[in-house]
Amino acid sequence: MSTAVSELVIRDVTPEIWTFSRPFKRAGFLPWGGRSTAIKLSTGDVWVLASTPLTDDTSSALNNLGPVKWIVAGDAEHHMFLGEYKKAYPDAKLVVVDSLLQRKQDEGLEVAGAYGADPEGTEYGYEAEIKALYFSGFANKDVAFYHIASKTLVVADLLFNLPGTEQYSKSKQSSKVPLVGKIEPFGGLEKRMLWALGKDKDAMRRDARTVSEWDIQRIIMCHGDVIEENAGKAWKAAYSKYLT
């Protein structure tokens with residue numbers, strides 16, 4: 001387990017949803033920020049999108065929230081700390097995406113399932129409360145997760161909302177993105193990025209439209225500030241190239 005990170009920001013977004021936010025630089029200089037998200041289901045069990053180190057503070061918060069039952073990878077890129085979580089919570093089911101399956105098995109991790117590898121419609125036990133949609137046409141093979149009770153969308157790289165002021169709120173580093181300042185759903189840069197990351201346009205149109213039909217009141221992404229107003233409009237704006 002990692003030692004405590006002084007720059008870590010732990011927040012209860014709702015009574016059921018906790019976020020673990022910290023600074024993170026992509027390619028060593030882009031202040032993307034990082035975030036893990038934990039959701040407590042009505043059963044008391046906890047689902048975690050694990051994208052940041054399992055610090056002592058993180059572990060303590062998770063243990064107070066309830067027994068960790070699922071550890072998930074948001075996409076093919078967010079996997080560095082899965083082993084830490086699985087070691088700490090050996091009884092939890094580890095769910096990844098197709099491109100991570102062999103890699104994690106080679107690392108000696110027991111994988112309960114993989115989006116894109118398992119038959120479509122496979123369930124892992126949380127689907128009654130958290131919907132999941134695998135974006136097969138997206139470059140990073142992301143999964144969109146939707147917590148039905150709170151109407152919250154949880155994603156890895158399917159959406160950005162930079163700068164990540166919360167993620168850098170305890171840091172002396174700047175959260176401002178060099179040259180462009182910000183990358184956010186209503187801006188042209190993000191729309192162009194998401195279009196470029198769509199490798200199968202037809203699949204992207206299908207999946208982006210499905211998510212747009214969900215009643216989204218909040219979006220929690222790995223990179224950038226949580227969107228708590230006009231969240232549904234933010235999704236539709238970011239994916240407007242696919243939805244027109």
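User: What makes Lys141 and Trp235 contacts of Phe135?
Analyst: Contact means heavy atoms within 4.5 Å. Leaving aside neighbours within four places in sequence, Phe135 is in contact with Lys141, Asp142, Ala144, Leu158, Met204, Asp207, Ala208, Val211 and Trp235. Mind you, this is a predicted model, where local features need pLDDT of at least 70 and side-chain atom pairs count only at pLDDT 80 or more, while totals for chains, interfaces and linings use all residues. Residues are numbered from 1 along each chain as its sequence is written, and side-chain values use heavy atoms, with hydrogens and water left out.

User: Where does Phe135 lie?
Analyst: In the loop between strand S10 (130-134) and strand S11 (143-147). Strands here are DSSP runs of E, at least two residues, and helices are runs of H or I, at least four, numbered from the N terminus.

User: How do you know that strand S7 pairs with strand S8?
Analyst: Two strands pair if DSSP finds at least two bridges between them. Three bridges join S7 (residues 68-72) to S8 (residues 93-97), so they pair, and they run parallel. Ile71 stands opposite Leu94 in S8.

User: Why is one side of S1 and of S9 left without a neighbour in the sheet?
Analyst: The open sheet has seven strands in the order S1-S2-S5-S6-S7-S8-S9, with mixed pairing. Strand S1 (9-12) and strand S9 (113-115) stand at its edges, each with a single partner strand, so one side of each has no neighbour there.
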